Amino acid sequence: MGDWDPQETVGNLIDHQSTVFVGSVDADGFPNLKAMLAPRRRVGLREFWLTTNTSSVRVGQFWANPQAAIYFADQRNFRGVMLRGQMEVCEDAATKEMIWRDGDTLYYSGGVTDPDYCVLRFTAQDGRYYANLSSKNFQITS
């Protein structure tokens, strides 16, 4: 892959995907994966913000074990990136309001204060990028 800039290459791949695969660890130590809507907010390659139901299986798993991975796949060009890190379940009003969008009442009928609405904040520590029959590990620097 020669000289490449993960911020640009990986960031571009992420920004063009409508789905993210979210990995958690269950009580028996097995990995669990779930497809979710793309993050609502991204800060570099370090922070990703997603919405979900507080009552979901995944939220329970993250409360018990915050180790997580997220994966973005560009199926058309057969490229992908996995990021490893920690998932935080955020239920504070400021975070929920920051991520809320018009139309979210379709999923959370009680609005932004719905107790079954929460935000997942993923903080990445490192990643692995795959493209052109080659993989490259990288650290998250910012």
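The legends below describe views of a predicted model of one protein chain.

**Figure 1. Overall fold of the protein chain.** The secondary structure consists of 3 helices and 8 strands. Read from the N terminus, the elements follow the order α-β-β-β-β-α-β-β-α-β-β. The radius of gyration of the protein chain is 15 Å, close to the 14 Å given by the globule rule for 142 residues, so the chain is as compact as a globular protein of that length. Along the principal axes, the C-alpha atoms fill a box of roughly 50 × 35 × 30 Å.

**Figure 2. Burial and contacts within the protein chain.** Of the 142 residues, 41% are buried. Where contacts join residues at least 6 apart in sequence, 64% of these contacts link residues at least 24 apart.

**Figure 3. The hairpin of strands S7 and S8.** Strand S7 spans residues 117-131 and strand S8 spans residues 134-139; the two pair in the antiparallel sense over 6 bridges. Asp-126 is placed opposite Gln-139 of S8. Between S7 and S8 lie 2 residues, and Asn-132 in this turn has a positive phi of about 55°.

**Figure 4. The largest pocket and its lining.** The largest pocket has a volume of about 220 Å³. Its lining comprises 13 residues, with Met-36, Leu-37, Thr-51, Thr-52 and Tyr-108 lying nearest the centre. Strand S2 (31-37) and strand S4 (47-53) each contribute at least two residues to this lining. Sorted by class, the lining contains 7 nonpolar, 3 polar and 3 charged residues.

Notes
Residues are numbered from 1 along each chain as its sequence is written. This is a predicted model: local features need pLDDT of at least 70, side-chain atom pairs count only at pLDDT 80 or more; totals for chains, interfaces and linings use all residues. Side-chain values use heavy atoms; hydrogens and water are left out. Two strands pair if DSSP finds at least two bridges between them. Helices (H or I, at least four residues) and strands (E, at least two) are DSSP runs, numbered from the N terminus. On a 1 Å grid over the protein atoms alone, a cavity is a set of points where a 1.4 Å probe fits but cannot get out, and a pocket is an open set with protein on both sides within 12 Å along at least five of seven lines; lining residues have an atom within 4 Å of a point. Grid points are joined across faces, edges and corners, and a volume is the space filled by probe spheres set on the points. Ala, Val, Leu, Ile, Met, Phe, Trp, Tyr, Cys and Pro count as nonpolar, Asp, Glu, Lys and Arg as charged, and the others, Gly among them, as polar. The radius of gyration is taken over C-alpha atoms; the globule rule is 2.2 Å times the number of residues to the power 0.38. Buried means under 20% relative accessible area, exposed over 50%, partly exposed in between (1.4 Å probe, protein chains only). Contact means heavy atoms within 4.5 Å.
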